[in-house]
Amino acid sequence: MRAEQITDPIAYHGEGPAWSPSWGGLRWVDMLAGDFLTLRDDRIERQHVAEVAAAVRPRRGGGEVIGIERGFALESPDGQIDPLPEVWTSPGIRMNEGGCDPQGNFWCGSMAYDQSPGAASLYRLSPDGRVDIMLEGVTVSNGLEWSPDGSLAYYNDTPTGQVAVFDFDPEEGLRNRRILVELPDGGRPDGLTVDSEGCVWTAVVNGGAVHRYRPDGTLDGIVDVGAGKVTACTFGGENLDRLFITTSQENVDTAADPLAGALFVAEVGVAGLPLREFAG
């Protein structure tokens, strides 16, 4: 199937789409601009929040949790944004992508600006404000999502070319890492989401597509996207049955790829899972 373009190429590095009724619909980030983009019925709203806006999720009590350049920030229900203490001080590393686990913790992973191998980590922010390192030796931490029953976690470290799967324990975190699938033809997985049937949808950042994989790793569908650098995807819409897809202009020849940075949507015939909120 093929995705439909629904915005102009408005994001330099579109990433991290998420659908929440508390936002009135879809929100995604223009990551390196430090902005949120929100899709309304008749317009797109842009809000600057930080030097880097890596990922965002709603808070149960109102407001948002945000992955920023070197850690986390909390937005209050009245819109005030308060950065938490920096998780690291190196200017060469930034946050990149994240999401909430079934227990309401917010996970966000990092990457070096120069993509130095093994320089990054995956972090977990607990509702009480504690930050734990959950994975080390990561290169480009990207998509992370849980199975419908919460027993498995799927994870992309992009340069591996693989979608990894872990057993998930609420206390211990990620265990028993193995490969769900190695993408064909040198594909590099970026953001991912999981649908209500337990299948994994991963953006292929060098392939102009999103792939759907069954829980056994079988390729079960491809969504072609009209831009080459496909960064992430999520389910949204009233019935959570529309797949929204972000794209990027970063390191892209936009003369040859004029839709880079646009938002796309595909009608894929399956529903996703409701967005999990941060419990803090």
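Mentor: Asparagine 176 is in contact, meaning heavy atoms within 4.5 Å, with Val165, Phe166 and Asp167, once its neighbours within four places in sequence are left aside. With aspartate 167 there is also a polar contact of 3.0 Å between the two side chains, where a polar contact is a pair of N or O atoms within 3.5 Å, one able to donate a hydrogen and the other to accept it within protein, and residues adjacent in sequence count only if both atoms are side-chain atoms. This is a predicted model, in which local features need pLDDT of at least 70 and side-chain atom pairs count only at pLDDT 80 or more, while totals for chains, interfaces and linings use all residues. Residues are numbered from 1 along each chain as its sequence is written, and side-chain values use heavy atoms, with hydrogens and water left out.

Asparagine 176 itself lies in strand β17, residues 173-182, a strand being a DSSP run of E with at least two residues, numbered from the N terminus. Isoleucine 93 is 83 residues from asparagine 176 in sequence and 27 Å from it in space, C-alpha to C-alpha.

Turning to the loops, glutamine 115 sits between β11 (106-112) and β12 (120-125), and its phi is near 60°, a positive value in a residue other than glycine. Asparagine 251, in the loop between β23 (242-247) and β24 (264-267), likewise has a positive phi near 60°. Glutamine 115 counts as partly exposed because its relative accessibility is 37%, and asparagine 251 counts as exposed because its value is 71%; exposed means over 50% relative accessible area, buried under 20%, and partly exposed in between, with a 1.4 Å probe and protein chains only.

Note on methods
Helices (H or I, at least four residues) and strands (E, at least two) are DSSP runs, numbered from the N terminus.
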